[in-house]
Amino acid sequence: MKNIMAVIVLALTISSCSPSGYLSRDEAGGPPITESLFSDKSSTISEENIQKILDGTYKMPQQLRVAILKLESSQRRYYWNSWGDEAYLRSQQAFLDSFTARFKQSPRIAKMMAIPDLLVSKSPQSLTSIRESAVRMQADIVVAYAINSDIYTKYRSFKSPNIKAYATTQLIIMDVRTGLVPFSTIVTRDFLAAKKKEELDVTEARNRVQTEAVLLTINEIGNQVNNYLKME
């Protein structure tokens, strides 16, 4: 009987050392895992270089030549198309000009260049092809962005319809020399307004509201980028 009681006491003592009754991974011991143990034949970066990248340090050049590129997105064009391709192209230029103006607010930006479509492969459009295009333009960093937006219209009796647009803009900064992406962000904003009396139709109002929503995202991203460049 005494032997049985001794075994029970010993078992309770051991189990009280761990809430689950099992040894933790640290208690179990074993060598630390510092690299991937999974075989991935499709990987484009070797395990050795992955370790170098993660353990290394990165410093962006003080003066920056910037190449900027708009990536293809799922932004809806049918409202602009119903008004005319001119409106769509004008809005895209306004977005590019807004990005350029915000970047130039940083004293670290020495030059801004838009990457022409002719320099970038469309199928497939990859970070590698973007980087090679920036090399040809002697840029230090690449700013690539994509815009997704849509609108909703709520009709009110005997009043101008309320038009609400939302926009999501994604942006990355890639260092051309290293291929690293030290900065990325996704910003979503919406904008609500009614049709103005001077606007010819609802389509014109939709274009204006949708553009305003996109510009809100660009302004926010511009603030984030400038703050990053101050701290980096």
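The following questions and answers concern a predicted model of a protein.

User: What is the mean pLDDT of the protein, and what share of its residues reach 70 or more?
Analyst: The model is predicted, and its confidence is given by residue. The mean pLDDT of the protein is 81. The share of residues that reach 70 or more is 77%.

User: In which helix is confidence lowest?
Analyst: Confidence in the protein is highest in strand E1 (residues 64-70), at a mean of 96. Over residues 77-83 pLDDT stays under 50, although the model has 22 contacts beyond four places in sequence for them. Where pLDDT is low, the predicted coordinates should not be read in detail. The lowest mean, 47, belongs to helix H4 (residues 78-83).

User: How are the rings of Phe 99 and Tyr 145 arranged: stacked, edge-to-face or tilted?
Analyst: The count of aromatic pairs comes to 2. In the pair of Phe 99 and Tyr 145, the ring centres are 4.4 Å apart and the planes stand at 40°. Planes under 30 degrees apart would count as stacked and planes over 60 as edge-to-face, so the pair is tilted.

User: Are Phe 99 and Tyr 145 buried or exposed?
Analyst: The relative accessibility of Phe 99 is 1%, and that of Tyr 145 is 2%. Buried means under 20%. Phe 99 is therefore buried, and Tyr 145 is likewise buried.

User: Which parts of the chain does the pair of Phe 183 and Tyr 228 tie together?
Analyst: Phe 183 and Tyr 228 form a tilted aromatic pair, 5.2 Å centre to centre with 40° between the planes. Phe 183 is buried at 11% relative accessible area, and Tyr 228 is buried at 14%. The two residues are 45 apart in sequence, so the pair ties together strand E5 (residues 183-194) and helix H7 (residues 202-231).

User: Which element gives the most residues to the largest nonpolar core?
Analyst: The largest nonpolar core has 32 residues, and those with the most contacts inside it are Phe 99, Leu 171, Ile 173 and Val 225. At least two residues each come from E1, H5, strand E2 (109-114), E3, strand E4 (159-175), E5 and H7. With 9 residues, the element that gives the most is H7.

User: Which residues does Ile 173 contact, leaving aside neighbours within four places in sequence?
Analyst: Ile 173 is one of the residues with the most contacts inside the largest nonpolar core. Leaving aside those neighbours, Ile 173 is in contact with Met 60, Ile 141, Val 142, Val 143, Leu 180, Val 181, Pro 182, Phe 183 and Val 225.

User: With which side chain does Ser 91 make a polar contact?
Analyst: Ser 91 is found in helix H5 and counts as buried at 5% relative accessibility. At 3.4 Å, its side chain makes a polar contact with the side chain of Gln 92.

User: By about how many helical turns are Glu 48 and Lys 52 separated?
Analyst: Glu 48 and Lys 52 form one of the 4 salt bridges, with the closest N and O atoms 3.5 Å apart. Both ends are exposed, Glu 48 at 54% relative accessibility and Lys 52 at 53%. The residues lie 4 apart in helix H3 (residues 47-55), so the separation is about one helical turn.

Note on methods
Residues numbered from 1 in each chain as written. Predicted model: local features only at pLDDT ≥ 70, side-chain atom pairs only at ≥ 80, totals over all residues. Heavy atoms only, no water. Phe/Tyr/Trp six-rings, centres within 6.5 Å; stacked < 30°, edge-to-face > 60°. Buried < 20%, exposed > 50% of the residue type's maximum accessible area, 1.4 Å probe, protein only. pLDDT = per-residue confidence, 0-100. Contact = heavy atoms within 4.5 Å. Core = buried A, V, L, I, M, F, W, Y, C linked by side-chain atoms within 4.5 Å. Polar contact = N/O pair within 3.5 Å; in protein donor to acceptor, adjacent residues only side chain to side chain. Salt bridge = Lys/Arg side-chain N within 4 Å of Asp/Glu carboxyl O.
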